[in-house]
Amino acid sequence: MSRRPAVADPEPVLITTTEELVPLCERLRQEPFVTVDTEFMRERTYWPELCVVQLGGSQDTAVVDALAPGLDLSPLGALLADEQVVKVFHACRQDVEIFLLRFGQTPQPLFDTQIAAMVAGFGDQASYDSLARALANAQIDKAHRFSDWSARPLSPAQIAYAAADVTHLRRIYVALRDRLDREGRLDWVAEEMAALTEPATYGTDPDTAWEKLRPRTNNRRFLGTLRAIAAWREREAQRVNIPRQRLLRDESLLEVAATAPTEPSALARARGVTEGFARGKSGASLIQAIEAAKALPDSELPEAPRERAGPSPSPALVALLKVLLAAKAEEHQVAPRLLASSDEIDRLATDAPGDLPALQGWRRKVFGADALALRDGDLALGVEGRRVRLIRPAAAPQAAAG
């Protein structure tokens with residue numbers, strides 16, 4: 001593959017004042033697309049602490065110090081909300097969550113180069129480093145990947161590292177966009193972006209947090225207590241802004257649910273719970289949550305999470321569907337994980353509900369329709385020239401091409 005010579009990028013500029021940010025965002029709003037990245041800290045907090053925002057345009061490379069005193073980020077919010085400018089990220093979920101929390105809405109329209117790379121055949125989880133090498137003829141310096149981005153002042157090396165995340169991204173985006181346009185796959189990427197711009201994608205419901213703990217019991221009274229204190233932990237971690245595991249670890253949460261203490265001394269005997277915590281404000285509110293759960297009538301207690309109804313999928317059929325998945329991914333040069341997950345394969349082998357992602361949109365055309373045909377005996381698999389081929393009975397219609 002031939003590589004284009006490197007193009008000189010604008011010198012990065014550190015933005016620390018609103019007076020500098022306003023004209024920058026006004027210029028970027030005149031461009032068809034802008035590349036965006038963030039640096040944040042989350043090790044010690046529940047909510048991500050936005051430290052730096054990087055912005056790349058055709059004539060601008062800016063590193064915005066989001067912690068600069070007096071800096072008003074609302075011009076950035078207006079840029080991210082401008083539907084005439086495509087916002088280009090790489091692996092954008094955490095970035096989008098940060099902007100949703102800060103500005104109350106997700107950036108739109110959105111283009112994620114990691115997902116685009118999966119659609120374009122660069123593997124299941126193409127890294128920024130690998131795409132920079134393949135599409136921008138650039139080598140990423142990883143020395144500052146684990147910097148403390150909340151420390152000030154930012155060093156010249158940190159600024160250069162942060163800027164590189166949006167300069168090379170411009171060439172990556174153009175290369176991927178042009179490739180996907182030629183292959184008629186930009187609509188595929190657009191379908192993926194719809195989920196990433198939906199605010200509900202980033203929501204956390206405290207009342208369902210207990211289900212993630214996968215309790216192995218049918219004791220509804222225990223489950224009621226677990227539901228209450230898992231919801232308490234989520235809300236309390238948000239209130240005091242510390243990671244939920246730092247507030248109370250999963251194993252401690254399960255033990256507290258099993259013993260259901262209603263006195264600080266009993267709470268302090270649980271593994272991982274200190275005397276100070278048990279007798280403090282958080283401990284008191286946890287005990288209140290336990291007491292409220294104990295007072296619930298049986299009719300309001302949760303049922304154990306049920307396994308999927310119906311028979312278990314045939315391992316042989318699952319294996320065949322996985323072969324079909326690999327063959328389709330190879331044929332269309334798209335990452336297998338983007339077509340269907342292992343859980344979806346299991347469900348395709350049994351009930352295959354209509355809301356399954358593998359049966360929607362472009363995925364159905366590329367894989368889902370043929371998966372159903374294989375499951376129902378309307379399609380067979382063979383080998384020809386050391387490649388898997390599809391064998392269709394004469395009367396069976398072929399799935400539409402992607």
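I began with Cys92, which counts as buried because its relative accessibility is 0%. The model I am reading is a predicted one.

Next I looked for disulfides and found 0 in the structure. Cys92 is in no disulfide, as the nearest cysteine sulfur, that of Cys25, is 19 Å away. A pair of cysteine sulfur atoms would have to lie within 2.5 Å to count.

I then checked Cys51. Its closest cysteine sulfur is also in Cys25, at 18 Å, so the two are too far apart for a bond. Cys51 has 0% relative accessibility and therefore counts as buried.

I turned to the domains. The protein is divided into domain 1 (13-201), domain 2 (206-295) and domain 3 (315-391). Between the C-alpha centres of domain 2 and domain 3 I noted 43 Å.

I looked up the UniProt record, an unreviewed entry, which places the feature "domain: HRDC" at residues 219-300. That span is 71% helix and 0% strand, and its end C-alpha atoms lie 13 Å apart.

Last, I went through helix 7, residues 186-196. Which of its residues are buried? I listed Trp188, Val189, Glu192, Met193 and Leu196. Seen down the axis of helix 7, these buried residues fall within an arc of 135 degrees, so they line one face of the helix.

I also asked what covers the buried residues of helix 7. The cover includes helix 3 (93-103), strand 6 (110-112), helix 4 (113-119) and helix 6 (156-182). Helix 15 (336-339) and helix 17 (361-375) are also among the covering elements.

Terms used. Residues are numbered from 1 along each chain as its sequence is written. This is a predicted model: local features need pLDDT of at least 70, side-chain atom pairs count only at pLDDT 80 or more; totals for chains, interfaces and linings use all residues. Side-chain values use heavy atoms; hydrogens and water are left out. UniProt positions are given in the numbering used here, feature names are shortened, and annotations may be inferred rather than shown by experiment. Helices (H or I, at least four residues) and strands (E, at least two) are DSSP runs, numbered from the N terminus. Buried means under 20% relative accessible area, exposed over 50%, partly exposed in between (1.4 Å probe, protein chains only). Domain bounds come from an automatic or database domain assignment. The arc is that of the directions from the helix axis to the C-beta atoms. Contact means heavy atoms within 4.5 Å.
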